[in-house]
Amino acid sequence: MSRVIHVFRQPERFVAGTVGEPGDRAFYLQAIEEARTISVLLEKQQVSVLAERVAALLTEVARRFGPDVATEADAANSDNDPLAVPLEEEFRVGTMGLGWDADSRSIVVELLAVTEEEVDESVVLDDTEEGPDALRVFLSPVQAKAFADRAEKVVSAGRAPCPLCAEPLDPEGHVCVRLNGFHERSPVAE
């Protein structure tokens, strides 16, 4: 079966979002262009790494190509809307690629589906016939900055960290490794 590459050259929207309650969330990236919507599932850590790498790439692009590459996202235009529904997962993300397209002055994000075979780096950001399905999105620097900002907020919106060990606090309780499993007990009224 041949490879399917979903290309979004001028997306109206490219966002990170979640479904579920903190501690049991599924993370998605969603691209929308005209009447086309593609959603891919990925891990929280992948969203975090992608946001960090996009921000780092924007810094490097500004350093190399000068401050004329606008990266300031307008707070009034930031996208805080939920993911579009119905939410239909196209694939689970395995490999991620990131680059700068000087011709279109765009950040290029490519997300490849998980496969059982090892992915050759040459298929990332390439249109070869063989390889995993992919989602390729071209983002202006402003869109990329807005994506990174929202992705960081989505990742940090989970469970609050324990003040002692920094592990996530569960609503059902938390056994802190810093307390060696011991909890202070409040006196029981008799």
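This note walks through salt bridges, strands, a helix, a pocket and some backbone features of one predicted model.

1. **Ground rules.** The model is predicted, so local features need pLDDT of at least 70 and side-chain atom pairs count only at pLDDT 80 or more, while totals for chains, interfaces and linings use all residues. Residues are numbered from 1 along each chain as its sequence is written, and side-chain values use heavy atoms, with hydrogens and water left out.

2. **Salt bridges overall.** A salt bridge here is a side-chain nitrogen of Lys or Arg within 4 Å of a carboxyl oxygen of Asp or Glu. The whole structure holds nine of them. The next points take some in turn.

3. **Glu 33 and Arg 36.** These two form a salt bridge, with the closest N and O atoms 3.6 Å apart. Glu 33 is buried, at 16%. Arg 36 is partly exposed, at 31% relative accessibility.

4. **Arg 92 and Glu 43.** Their side chains meet in a salt bridge of 2.8 Å, N to O. The pair links distant parts of the chain, 49 residues apart. Arg 92 sits in strand 5 (residues 89-101), and Glu 43 in the loop between strand 4 (36-42) and helix 1 (44-65). Helices (H or I, at least four residues) and strands (E, at least two) are DSSP runs, numbered from the N terminus. Arg 92 is partly exposed, with 37% relative accessibility. Glu 43 is partly exposed too, with a relative accessible area of 44%.

5. **Asp 79 and Arg 150.** Here the closest N and O atoms of the salt bridge are 3.4 Å apart. Asp 79 lies in the loop between helix 1 and strand 5, and Arg 150 in helix 2 (residues 141-156), so the bridge ties together parts 71 residues apart in sequence. Is Arg 150 buried or exposed? Arg 150 counts as buried, at 11% relative accessibility. Asp 79 is partly exposed, at 23%.

6. **Strand 6.** This strand covers residues 106-113, and eight of its eight residues are buried. Ser 106, Val 108, Glu 110 and Leu 112 point one way. Ile 107, Val 109, Leu 111 and Ala 113 point the other way.

7. **Neighbours of strand 6.** Two strands pair if DSSP finds at least two bridges between them. Strand 5 and strand 6 run antiparallel and are joined by eight bridges. In that pairing, Thr 95 stands opposite Leu 112 of strand 6. Strand 6 also pairs with strand 7 (residues 134-139), again in the antiparallel sense, over six bridges.

8. **Helix 2.** The helix has 16 residues and reaches 23 Å from its first C-alpha to its last. That is close to the 22 Å expected at 1.5 Å a residue (the expected span is 1.5 Å times one less than the number of residues). Its buried residues are Pro 141, Ala 144, Phe 147, Ala 148, Arg 150, Ala 151, Val 154 and Val 155. An α-helix has 3.6 residues a turn, so residues three or four places apart point the same way. What covers the buried residues of helix 2 includes strand 2 (13-19), strand 3 (26-33), helix 1, strand 5, strand 6 and strand 7.

9. **A cis bond.** Most residues other than glycine have a negative phi, and most peptide bonds are trans. Val 85 and Pro 86 are joined by a cis peptide bond, with omega about 5°. Pro 86 is in the loop between helix 1 and strand 5.

10. **Positive phi.** Which loop holds Glu 34? Glu 34 is in the loop between strand 3 and strand 4. Glu 34 is not a glycine, yet has a positive phi of about 55°. Glu 34 is exposed, at 68% relative accessibility. Arg 105 also has a positive phi of about 55° without being a glycine. Arg 105 belongs to the hairpin of strand 5 and strand 6, which has four residues between the strands. Arg 105 is partly exposed, with a relative accessible area of 36%.

11. A pocket is an open set of points on a 1 Å grid over the protein atoms alone, where a 1.4 Å probe fits, with protein on both sides within 12 Å along at least five of seven lines; lining residues have an atom within 4 Å of a point. Of its 17 lining residues, the closest to the centre are Gly 23, Arg 25, Phe 27, Lys 44 and Arg 159. Strand 3, strand 4 and helix 2 each give two or more residues to the lining.

Technical notes. Buried < 20%, exposed > 50% of the residue type's maximum accessible area, 1.4 Å probe, protein only. Contact = heavy atoms within 4.5 Å.
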